[in-house]
Amino acid sequence: MSRITVVGTGYVGLVTAACLADLGHVVIGMDVDDAKIARLRQGDIPIFEPGLAELIAAQGNRLTFTSNPDEAYRDGEFIFICVDTPPMYSGDADLSRVWKVVDRLPKSVGHERVLVTKSTVPVGTGAAIKAELCSRGFEDIGYASNPEFLREGTAIADARYPDRIVIGADTPETQDRVAGLYERLCCSNILTTDVASAEMIKYASNAFLATKISFINEIANVCEAVGADVRVVARGMGLDQRIGPHFLNAGIGYGGSCFPKDVSALKQLAGNSGYHFQLLTAVIEVNELQKRRVIGKLRRYLGDELRGKRIALLGLAFKPHTDDIREASSIVLASRLLAEGATVVAYDPIATDNMRRLLPCVTYAASALEALQDADAGVVVTEWQEFIDLDWQRVKAVMARPLLIDGRNALHGAGLKELGFEYEGIGTQIR
Ligand code: UDX
């Protein structure tokens, strides 16, 4: 059992703190936001992540929260940096919060401690932090990069059953100490490496997954042109073990808090180091175009003039099981439709409030059926199960025109056509 301070109680910090406490460690979560800490102390979890509130509640005294640095740093043998590193206008990662943590480490944090960075930071950040620590007389503090690979919606399972744990550390002793924290996870893939390589593994993994998505989206677009079906093509490709079946679902683009930010940051990192990462430039552009692809499809059915048309958006979150709308395709799609003069009516099971703040000009419905009422077209933006389970016969009766564009290839297209819908997916051929 170790004593751990987790700095930053956002998404990564809370999941990390809860999972480390669940492994038996004594964890204190620290944040500069007093209001957030007050809520956490009441058991009010400020983010939506299935199972997280229950997991935090189950930890009892093993997991506490504070906004007081003295209390936070008093006992922690390990200090985990879990603050966010949002993108700046240049595409670089904003490291100001990471540096604030390093700069404000109290003098009392001395020997035998290990500083562990979970936040996604550009390669070289760890070396810079270590140098800064040494210059301030903290040379005895060990340093490790221990990137997270958590997916929103399944973060608890991802933390409990990781494919791999990556630990990049300055010394073998620090590597062993950080690896020891995860002993009870029984993960067979613990990769210990240097700090820079660990930092790069995180970026390269996310950039590769994003590349896979943009690749299959382009294949989908070609499938549409030549009469093939991308779902069958993806299945055929995925059976090759060298390719694998994951992240080959074509759709209207990736979003979220990680892929867009990390792909840009890696491209920027390469550029800052004198290398032009051409492939990532294409990955980003393909994704942006893919988000707009629905507009062309709608035009083919409804005519060039979308002004006055009523378009229902089913789903706003960047993927199901989250209320996160960061970089969601729905934002671009809704904005484009509004710019064309269409009336946009949207529904999401949990992300509506977040979107309302961002796009007040959209009309928000209380159910999918209400959104589809009198609509000239319905667009599936997020593949929530409740859309798949809709009573489509009833939907057909309430729509002005039974036209569905399935941006996630989630619905049963052939069945819908039989019901009398006009249906189009992404890269699919439904006859
Ligand atoms: C991702 C990484 O998976 C995770 O390891 C990292 O730590 C954070 O970023 P997350 O952003 O939660 O996790 O979402 P993920 O499930 O990976 O999906 C990202 C986006 O890609 C979503 O918009 C999703 O709809 C899209 N996607 C995913 C596709 O379009 N096709 C696919 O085949 C898979």
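**Domains 1 and 3**

I started with the spacing of two domains: in this predicted model, the centres of domain 1 and domain 3, taken over C-alpha atoms, are 39 Å apart. The bounds I used are 3-193 for domain 1, 203-289 for domain 2 and 291-424 for domain 3, from an automatic or database domain assignment. Five residues of domain 1 and eight residues of domain 3 make the contact (heavy atoms within 4.5 Å).

Next I looked up the buried area, i.e. the accessible area (1.4 Å probe) that two parts lose on being put together, summed over both. Between domain 1 and domain 3 I noted about 490 Å², with 48% from carbon and sulfur atoms. On the domain 1 side, Phe48, Glu152 and Gly153 lose the most area to domain 3, together 88% of what that side buries.

**Ligand**

I then turned to the ligand, which 18 residues surround (a heavy atom within 4 Å). Glu152 is back here, among the closest along with Leu150, Asn249, Phe318 and Lys319. By class, I have nine nonpolar, three polar and six charged residues in the shell, with Gly put among the polar ones.

A polar side-chain atom of Lys319 sits at 2.9 Å, an N or O atom in the Lys202 side chain at 3.3 Å, and a polar backbone atom of Leu248 at 3.3 Å. The protein covers 92% of the 670 Å² of accessible area that the ligand has on its own (Shrake-Rupley, 1.4 Å probe).

**Bookkeeping**

Numbering runs from 1 along each chain as its sequence is written, and side-chain values use heavy atoms, without hydrogens and water. Local features need pLDDT of at least 70 and side-chain atom pairs 80 or more, while totals for chains, interfaces and linings use all residues.

Notes
A polar contact is a pair of N or O atoms within 3.5 Å; within protein, one must be able to donate a hydrogen and the other to accept it, and residues adjacent in sequence count only if both atoms are side-chain atoms.
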